[in-house]
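Here is a short briefing on one protein chain. Look over the sequence and structure first, then read the points by topic.

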Amino acid sequence: MDEEQRTFLRIPTNLHGRMRFLSSGKELQLFREAPITSTSVSSMDLKAAGVNEALISALQAMDRKLDMLIGIHSQDSLQEDFPHLLEVVEISGAGVKIACAYPLTIGQHVEVVITMTQLPVRLAGALARVVREETLDGRQIWALDFTRIRDRDLETIVQFVFQTQRDELRVKKWEQHS
């Protein structure tokens, strides 16, 4: 693992998530987020159908609120299946570093679900294996390598990493011009 060859950018972060312990690395992934589909009607379609602008705005606001309520309900049901809280201090497409209140062991298999965004709620899940224990600012940190991750969840994580990097570059550029 010391000769690790990284193919994903790893960034520091402060995300929250949940975890469940697995009895082996052969268990199936429990978390499954519904795919993002484009079943909603676009505002352009509604305008073309002659729907009033005010009604379109009201329908879009209602759609956003329903998405938020569904997301909150999803978070509540996650607590039953994933009873352990965790904090993600570093993330990449290959794995995460977490802090949690529960003792882990090297080689232990877990499933993690990470809250990538809160509004709208966007989650990413993966099966992982504990590969290392570290200390960061006096806290016990566990490095987890993803052993199984769906393409959609991997894409969500990679997009998050790149967006975070872009945001940091913009802030640095802004600070240089101030």
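**Strand pairing around E6**

Gly95 has Asp145 as its bridge partner in E6. This is a predicted model.

- **E3 with E6**
  - Strand E3 covers residues 95-99, and strand E6 covers residues 139-148.
  - The two run antiparallel and are joined by four bridges.
  - The pair Gly95 and Asp145 links a residue to its partner in E6.

- **E5 with E6**
  - Strand E5 spans residues 121-136.
  - Nine bridges tie E5 to E6, again in an antiparallel arrangement.
  - Leu136 is bridged to Arg139 of E6.
  - Leu127 has Arg148 as its bridge partner in E6.
  - E5 and E6 make a hairpin, with two residues between the strands.
  - Asp137 sits in the turn and has a positive phi of about 50°.

**The barrel and its helix**

  - Six strands close into a barrel.
  - Their order is E1-E2-E3-E6-E5-E4, with antiparallel pairing.
  - On average, neighbouring strands of this sheet are turned by 45° against each other, direction ignored.

- **Helix H3**
  - Helix H3, residues 151-177, packs on the sheet.
  - H3 touches strand E1 (11-21), strand E2 (84-91) and strand E4 (109-118), as well as E5 and E6.
  - The direction of H3 makes about 75° with that of E5.

**Thr13, a residue of E1**

- **Burial**
  - Thr13 is found in strand E1.
  - Is Thr13 buried or exposed?
  - Thr13 counts as buried because its relative accessibility is 18%, and the cut-off for buried is under 20%.

- **Contacts**
  - Leaving aside residues up to four places away in sequence, Thr13 touches Val88, Val89, Glu90, Ile91 and Phe160.

- **Members**
  - Which residues make the nonpolar surface patch?
  - The patch is made by Leu55, Leu59, Met62, Leu66 and Leu69.
  - The area of this patch is about 470 Å².

- **Leu69**
  - Leu69 lies in helix H2, which covers residues 53-81.
  - Leu69 has 52% relative accessibility, so Leu69 counts as exposed; the cut-off for exposed is over 50%.

Key:
Residues are numbered from 1 along each chain as its sequence is written. This is a predicted model: local features need pLDDT of at least 70, side-chain atom pairs count only at pLDDT 80 or more; totals for chains, interfaces and linings use all residues. Side-chain values use heavy atoms; hydrogens and water are left out. Two strands pair if DSSP finds at least two bridges between them. Axes are lines fitted to C-alpha atoms, for helices over the stretch in contact, and angles run from 0 to 180 degrees between N-to-C directions. Contact means heavy atoms within 4.5 Å. Patches are made of residues with over 30% relative accessible area and no salt bridge: like charges are joined within 9 Å, nonpolar side chains (Val, Leu, Ile, Met, Phe, Trp, Tyr) within 5 Å. Accessible areas come from the Shrake-Rupley method with a 1.4 Å probe; for residues, only the protein chains shown count as cover. A salt bridge is a side-chain nitrogen of Lys or Arg within 4 Å of a carboxyl oxygen of Asp or Glu. Buried means under 20% relative accessible area, exposed over 50%, partly exposed in between (1.4 Å probe, protein chains only).
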